[in-house]
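Hi,

Here is the model we talked about handing over.

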Amino acid sequence: MELQHLPYILDTFFAIFAMTLVIFMVPGFAMLEAGLVRTKNVSAVLMMNTMIYAVASFMFLLIGYTVAFGGWENGSMSVYAAFLFQMAFVGKVVNIMSGGVSERARVIPFALFTIIMASFLYPIAVNWTWGADMLKETVFDISMHDLAGSTVIHSVGGWALLAAILIMGPRKGKYTKDGKIRAIPASNIPLVTLGAFLLWIGWFGFNGGSVGSISSKESADAVALTILNTNTAGLAGAIVAGIIMYLKYKKLDITMILNGALGGLVAITAGADLYNIYEPIIIGAFGAVLVVFAVAFFDRLKLDDPVGALSVHLVNGIWGTVAVAVFASNGEDITLLNQLKGIVIIGVFAFASSYLVLFLLNKIIPLRVSAENEYDGLDISECGLESYPEMIKSKS
Amino acid sequence: MELQHLPYILDTFFAIFAMTLVIFMVPGFAMLEAGLVRTKNVSAVLMMNTMIYAVASFMFLLIGYTVAFGGWENGSMSVYAAFLFQMAFVGKVVNIMSGGVSERARVIPFALFTIIMASFLYPIAVNWTWGADMLKETVFDISMHDLAGSTVIHSVGGWALLAAILIMGPRKGKYTKDGKIRAIPASNIPLVTLGAFLLWIGWFGFNGGSVGSISSKESADAVALTILNTNTAGLAGAIVAGIIMYLKYKKLDITMILNGALGGLVAITAGADLYNIYEPIIIGAFGAVLVVFAVAFFDRLKLDDPVGALSVHLVNGIWGTVAVAVFASNGEDITLLNQLKGIVIIGVFAFASSYLVLFLLNKIIPLRVSAENEYDGLDISECGLESYPEMIKSKS
Amino acid sequence: MELQHLPYILDTFFAIFAMTLVIFMVPGFAMLEAGLVRTKNVSAVLMMNTMIYAVASFMFLLIGYTVAFGGWENGSMSVYAAFLFQMAFVGKVVNIMSGGVSERARVIPFALFTIIMASFLYPIAVNWTWGADMLKETVFDISMHDLAGSTVIHSVGGWALLAAILIMGPRKGKYTKDGKIRAIPASNIPLVTLGAFLLWIGWFGFNGGSVGSISSKESADAVALTILNTNTAGLAGAIVAGIIMYLKYKKLDITMILNGALGGLVAITAGADLYNIYEPIIIGAFGAVLVVFAVAFFDRLKLDDPVGALSVHLVNGIWGTVAVAVFASNGEDITLLNQLKGIVIIGVFAFASSYLVLFLLNKIIPLRVSAENEYDGLDISECGLESYPEMIKSKS
């Protein structure tokens with residue numbers, strides 16, 4: 001063993017460890033979304049999750065990584081490990097969407113959209129921020145601090161989801177003609193809980209791995225602080241969502257508690273490495289407040305998002321990126337203006353390009369299933385098999 | 001990279017790895033308990049698990065860690081990683097309770113109890129054993145060997161649970177007036193199995209990480225031996241529980257097999273680093289025997305514990321701590337007296353303080369839901385949503 | 001810390017990390033199989049998985065490891081870590097069987113078979129390939145390249161399963177007298193999906209860990225490349241299975257997509273360290289094609305395999321071992337003849353010895369439950385408890 005390679009070895013090992021945790025978010029998203037939709041759409045949402053994850057990762061291997069980073073080169077660790085860690089992220093962007101479009105979306109157009117998203121749209125956003133930086137020395141140069149992607153991952157996924165929801169419209173029966181909002185209960189609460197905790201654990205790799213190195217005392221401290229702060233924001237989000245639920249309804253709705261935790265986790269993602277150990281409490285707590293009110297807000301706008309993904313990922317992606325400028329206390333040159341500039345440029349690009357691609361795709365292959373298939377459930381029309389065929393259902 | 005920091009880096013990385021495995025025990029406990037209770041209480045037990053885990057971890061950040069260790073200092077690894085590993089443990093103490101009080105416990109008083117437990121009671125027990133040691137040079141000084149907490153974690157959680165069960169009483173209908181014990185079947189066996197295996201895997205981090213270092217040849221061997229012995233005790237527990245079930249009933253009850261494995265895992269936790277590779281077979285096998293008979297024993301005492309947590313965690317926590325004195329063969333200065341002294345001091349403290357706090361809390365906010373809410377299920381009264389709303393139930 | 005021990009420390013840590021991932025395959029197999037069988041057999045298949053996993057690991061500790069490697073010695077890492085990693089593999093061999101024999105197999109004879117398999121049959125196959133090599137300098141000496149066991153693990157498990165299926169026969173009603181094949185739907189699709197992703201993640205440890213070291217720049221690269229290639233084959237398998245399903249049925253059957261991914265993962269296992277980053281696409285894609293057609297092929301032969309394990313593990317185990325000779329491009333001395341020789345010798349040995357042992361066992365304790373117990377479901381007769389007792393079933 002040659003000692004000069006030790007950082008290379010350690011950082012490769014650490015990237016593999018972190019990547020593995022991030023991949024746990026794939027079953028995490030799948031279980032969360034399968035638990036939140038109705039029984040008749042469970043197989044379809046699992047299939048959608050699996051297919052767009054596979055397509056996204058595959059296209060990132062063929063095209064996206066090169067678009068983002070300019071080529072397969074990496075000096076500080078094995079390029080294969082560096083690729084794996086980055087590849088694990090692209091699946092998140094599309095899995096954020098799959099829940100929000102569920103119970104009405106067809107898989108083929110979204111698989112085609114995923115090809116564009118994972119080959120070009122997301123890699124361009126990465127290029128501008130963490131990557132080769134083609135905007136350097138232009139007026140659009142982005143210099144925000146976004147450690148693990150409150151904006152680059154979560155908002156990009158959220159903006160794409162918003163575009164899809166605007167084009168597809170809400171589920172039949174969600175918003176009645178007399179202006180009422182119909183509550184559609186989650187079908188399987190243990191799956192929701194399992195999925196949320198797999199996401200939470202995956203976030204340790206997501207944020208911790210984004211520090212990029214563990215091979216010095218300083219970077220080891222940064223990794224551990226980042227994971228600690230990530231966890232604290234999740235804790236604060238869960239507790240505050242619980243308190244709000246109790247004050248409003250005297251019940252502690254577990255799905256809202258878990259979404260509060262996830263909101264806190266999204267919010268901490270931009271700057272987990274820069275806060276002291278108490279600031280994440282405020283950032284996560286406010287993230288949970290945002291989730292609770294944003295869920296109601298989007299419903300009032302008739303933006304039907306069955307799993308609350310806009311509230312968790314888009315709203316808190318923005319909040320998390322702003323929070324860096326408000327709280328980051330370690331003397332880096334971080335300004336609110338730089339953070340906002342990043343949010344706006346990435347947001348406009350992600351929303352406009354996603355809207356355009358989805359709009360065109362919708363003309364060729366409708367994004368949405370027929371009303372009849374929606375009524376019968378997508379498990380039959382999209383997937384060809386029921387999720388729990390032996391259980392008698394009490395309602396459609 | 002400066003080579004003198006290499007142990008710091010390696011041990012930080014290893015603590016993060018071990019902590020991550022321990023956090024898998026959170027969904028582990030949640031799935032195990034959600035599978036073991038009846039359908040009408042599944043959402044509530046998931047919510048209880050999530051809330052008290054979040055509150056416990058949060059209070060340990062604010063108060064508990066300082067009470068246990070005297071301050072945020074650590075020389076041998078990043079203090080953030082050291083904290084994270086310790087924080088992962090406190091959630092276990094309260095998650096041990098959540099199953100045993102399920103199907104009748106309200107979340108608010110147990111969340112308040114968790115504040116006391118995670119801020120003071122558990123940290124004091126840690127202080128006396130692994131921490132700053134405020135009892136040093138007093139007559140109560142504890143010098144038992146308890147690697148990863150057969151006593152400090154599992155018995156403390158078990159004693160607190162026993163206090164809660166004594167105060168709350170059994171579920172309605174569990175023990176009939178004519179002296180019969182009603183079997184209440186688990187509602188979802190795949191969740192029980194998933195939860196048990198997540199716990200089993202988490203135990204590798206729990207015990208392996210408790211060695212505290214991997215940065216020398218000796219410590220690397222100790223970590224690997226500890227994990228090997230941990231696993232062996234789980235294997236022996238599963239097999240012996242299976243054999244007992246087959247001999248008694250000609251059927252292999254999977255819930256008892258899994259509880260046998262968990263009993264073996266609790267029993268090995270105190271001394272996994274000290275045994276040769278065969279002794280864990282005896283320790284785990286006897287742990288499974290204890291679980292099988294303790295389940296029946298507590299039922300005869302009308303101590304109603306829906307998931308068998310007293311048998312797994314309290315009984316085997318004691319057995320595991322005693323086993324160190326019986327089997328540990330590596331020449332350390334371990335005596336049965338020292339082990340028993342630790343068991344008694346920690347036990348008296350944990351039971352008495354938990355009983356007192358829960359007793360007072362019960363006067364202010366009853367620990368137990370109303371008989372009507374218990375009959376209807378806690379999902380509605382505590383959580384506000386059903387666990388599987390579309391499945392028709394065959395019985396309440 | 002003594003620097004000359006650094007490779008020992010790093011490789012021990014890495015083996016523990018890899019082993020932990022492989023153990024996630026235990027709940028992976030359990031959830032996959034529990035989701036694929038009918039509700040009335042779910043507890044039984046979970047119990048079978050747990051018992052034979054425990055027995056296999058236990059016997060490997062007592063006997064198998066010594067048979068395979070000639071003794072408990074290892075210079076390059078802690079022997080306990082080396083053992084743990086190897087032990088994690090033996091459970092896979094028997095867990096491959098448990099799904100294929102499900103819905104009709106009794107646990108006791110298969111637990112007894114597991115004792116033979118884990119003590120002798122599998123360890124002998126390891127001895128000949130990765131181990132002490134008792135065939136060295138004989139005409140049967142095997143010099144195939146099989147990194148992580150396309151042949152040694154997956155085909156061995158598959159051959160043993162084929163022997164069991166031949167002896168036991170198909171489930172009642174699977175093949176009707178008029179030559180029709182009855183489709184028996186999976187009972188729980190989220191469990192199938194969760195299980196498949198746990199297996200997928202476990203494969204990173206399975207193949208990555210089989211490189212055996214991460215403590216040099218070259219081995220770190222080899223580990224990262226191996227994991228990258230493993231993942232790529234899974235992605236390609238999922239996508240190609242999806243495309244075939246869509247072309248044939250205009251539906252994307254999620255269970256076939258996941259089996260396609262698993263087929264790709266089995267196929268890449270023999271040579272993931274030797275391919276460039278694009279060759280796994282072809283290997284995984286062809287693996288998925290094989291799975292889709294092999295499932296129909298085995299059904300035509302009335303070889304009833306409820307979970308498709310023969311198609312995934314046996315067929316792709318062979319294909320993956322052949323693929324090394326076709327694609328491996330790094331100049332090692334790999335020939336098609338050597339690969340085929342390994343496949344044949346291991347295959348003849350595994351099938352013949354498994355058939356013999358199972359045939360004899362079947363004379364003493366029938367492998368199969370009674371027709372009545374099969375009709376009522378094995379949960380009652382084998383396990384003594386139902387999997388979801390509160391859910392009304394729509395059919396037996």
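**The B/C interface**

Across the interface of chain B and chain C, the rule turns up zero salt bridges (a side-chain nitrogen of Lys or Arg within 4 Å of a carboxyl oxygen of Asp or Glu). Polar contacts do show up there: six residue pairs, both at pLDDT 80 or more. For those, I took a pair of N or O atoms within 3.5 Å; within protein, one must be able to donate a hydrogen and the other to accept it, and residues adjacent in sequence count only if both atoms are side-chain atoms.

Before you go further: this is a predicted model, with local features needing pLDDT of at least 70 and side-chain atom pairs counting only at pLDDT 80 or more, while totals for chains, interfaces and linings use all residues. Residues are numbered from 1 along each chain as its sequence is written, chains are lettered from A and ligands numbered from 1 in the order written, and side-chain values use heavy atoms, leaving out hydrogens and water.

Chain B puts 59 residues into the contact and chain C 56 residues (heavy atoms within 4.5 Å). About 5000 Å² is buried between chain B and chain C, 81% of it from carbon and sulfur atoms; that is accessible area (1.4 Å probe) lost on putting the two parts together, summed over both.

**Cysteines**

Over all chains, the count of disulfides is zero (cysteine sulfur atoms within 2.5 Å). A:Cys383 counts as buried because its relative accessibility is 1%, where buried means under 20% relative accessible area, exposed over 50% and partly exposed in between (1.4 Å probe, protein chains only). B:Cys383 is buried too, also at 1%.

Cheers
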